[in-house]
Each structure stands twice: as structure tokens, then as C-alpha cells.
Amino acid sequence: MRGSDASPAEVATDPEAFERFYRRHIEVVTRFVTRRVDDPHLVADLVADVFVAVIDSAHTYRADRGTEVEWLHGVARNTLGAYRRHAARQQRLEHRIAGRRLLDPDDVSRLEDRIDAERPARRLLAAMAGLPPSERAVLELVAIDELTVGEAAAVLGIRQNTARVRLHRARRSLRGNADLDLTVAVEGLR
């Protein structure tokens, strides 16, 4: 559509239609957000989020349910609501950890030692990324989490023989990996 007005249904597929829609409604959206938010950076972010949501939900617009401005207000209201729910969730999480003590140098040192000790497991996890998901899941449970094959099978809801076959295939695939020193890697690969 090359006309001056673009309907919401067109904005998701036609960049020019989106630009026309955006220019036609930027003031309405900005006014809506600035009535509810007083941080200019957050206003800019939320206005942008509204128009991203417009693109994502353009297919939901129905002219028989109201004007595009009414629909746009609904999109803006939902976007602002989602932001507020997210912010409240973040605030609750921050409040939960606010009373915790900071790490002292000994704690940091112990964590650094632990991180170093887990380096082979991280290398193994990286090498496993190329495996099929079913094989990777069994190997991860056995080699990284140190479960038995039977326990891994139960966790995955598969038969023990199936888990053994998948584990064998995963080990065989990783043995050819030059970046992975199997003598240093996690015990479950031996």
C-alpha cells in the first residue's frame, strides 16, 4: 500500500507502512507513556517497546472491535503493564538479596578455586554442544552431574538400555574431539 495511511495489519510486513503508522501515532504513544512515567530514558524505551509490540501483534488488529488508536492504547497499556510486572519482580528479587553479606576475600578465593576446578566440566559441556540433544542429556547427567546410567534414564524417562546406547554414542563422538583431553575431562567419559 503506497497511500498515506497504513493499517496496523500492514505494519508487520511493510517497512514503509510501519513508518507511516509510526509517524501518525508517535505523539499518541509518547503522550500515553509520559503520563505514567517520569524518567525520559524509560519513556523512550517504553515507546520503542510499544512499537515493537505493534509489529509483533499487528495481526491481532480488528477494525470491527475499535479504531487503531484504541487498539494502540491497548498495546501501550499491555506494554507498560508488562514493564511494571517485570520491574516489580526485579525489585522483589533485589529485596530478597539486599540483606546478604558481601563476599570477603576468602570467599572470592574459594570461588575462584572452584571455578578453576570446574574448567574440565565447562570444556566438556562446550564439546557436548554439538551432540544430538538426546545423547547430550544422558552424557551431561552421567559425566557432569555424576548420576548412574540408571538414574539418568529415570530422570529422562527412558529405559536404561536406551540410556546406555545414547551414552556410548556420545562418548564415541567426543573421543574424536581434539579440543577435549579425555584423560583430564570428567570421570564419566572414561
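Leaving aside neighbours within four places in sequence, Thr79 is in contact with Leu46, Asp49, Val50 and Ala53, where contact means heavy atoms within 4.5 Å. The model is a predicted one, in which local features need pLDDT of at least 70 and side-chain atom pairs count only at pLDDT 80 or more, while totals for chains, interfaces and linings use all residues. Residues are numbered from 1 along each chain as its sequence is written, and side-chain values use heavy atoms, with hydrogens and water left out.

**Overall composition**

The protein chain contains eight helices and zero strands, and its elements run α-α-α-α-α-α-α-α from the N terminus on. Helices (H or I, at least four residues) and strands (E, at least two) are DSSP runs, numbered from the N terminus. Of the 190 residues in the protein chain, 32% count as buried. Buried means under 20% relative accessible area, exposed means over 50%, and partly exposed lies in between (1.4 Å probe, protein chains only). The accessible surface of the protein chain comes to about 12700 Å², and 52% of this belongs to carbon and sulfur atoms. These areas come from the Shrake-Rupley method with a 1.4 Å probe; for residues, only the protein chains shown count as cover. Among contacts between residues at least 6 apart in sequence, 48% join residues at least 24 apart.

**Helix H3**

Thr79 belongs to helix H3 (residues 68-98). H3 has 31 residues and reaches 44 Å from its first C-alpha to its last, close to the 45 Å expected at 1.5 Å a residue; the expected span is 1.5 Å times one less than the number of residues. The buried residues in H3 are Glu68, Trp71, Leu72, Val75, Ala76, Thr79, Leu80 and Gly81. Helix H1 (15-34) and helix H2 (40-57) are included in what covers them.

Is Thr79 buried or exposed? With a relative accessible area of 14%, Thr79 is buried. Leu80, which also lies in helix H3, counts as buried at 5% relative accessibility. Leaving aside neighbours within four places in sequence, Leu80 is in contact with Phe32, Arg36, Val37 and Leu46. Leu80 and Val37 are 43 residues apart in sequence, yet their C-alpha atoms are 9.3 Å apart in space.

**Helix H5**

Helix H5 (residues 119-128) has Pro120, Ala121, Leu124, Ala127 and Met128 as its buried residues. Seen down the axis of H5, these buried residues fall within an arc of 120 degrees, so they line one face of the helix. The arc is that of the directions from the helix axis to the C-beta atoms. The cover over the buried residues of H5 includes helix H4 (105-117), helix H6 (133-144) and helix H8 (160-175).

**Salt bridges**

A salt bridge is a side-chain nitrogen of Lys or Arg within 4 Å of a carboxyl oxygen of Asp or Glu. By this rule the count comes to five salt bridges, among them those in the table.

| Salt bridge | N to O distance |
|---|---|
| Glu19 and Arg23 | 2.9 Å |
| Asp64 and Arg62 | 2.8 Å |
| Arg110 and Asp107 | 2.4 Å |

Glu19 and Arg23 are four residues apart in helix H1, and are therefore separated by about one helical turn. Glu19 counts as partly exposed at 40% relative accessibility, whereas Arg23 counts as exposed at 60%. In helix H4, Arg110 and Asp107 are three residues apart, again a separation of about one helical turn. An α-helix has 3.6 residues a turn, so residues three or four places apart point the same way. Asp107 counts as buried, at 10% relative accessibility. As for the remaining pair in the table, Asp64 is exposed, with a relative accessible area of 60%, and Arg62 is partly exposed, with 39%.

**Nonpolar surface patch**

Which residues form a nonpolar patch on the surface? Leu103, Val108, Leu111 and Ile115 do so, with about 340 Å² of accessible area together. Patches are made of residues with over 30% relative accessible area and no salt bridge; like charges are joined within 9 Å, and nonpolar side chains (Val, Leu, Ile, Met, Phe, Trp, Tyr) within 5 Å. Val108, placed in helix H4, is partly exposed, with a relative accessible area of 34%.
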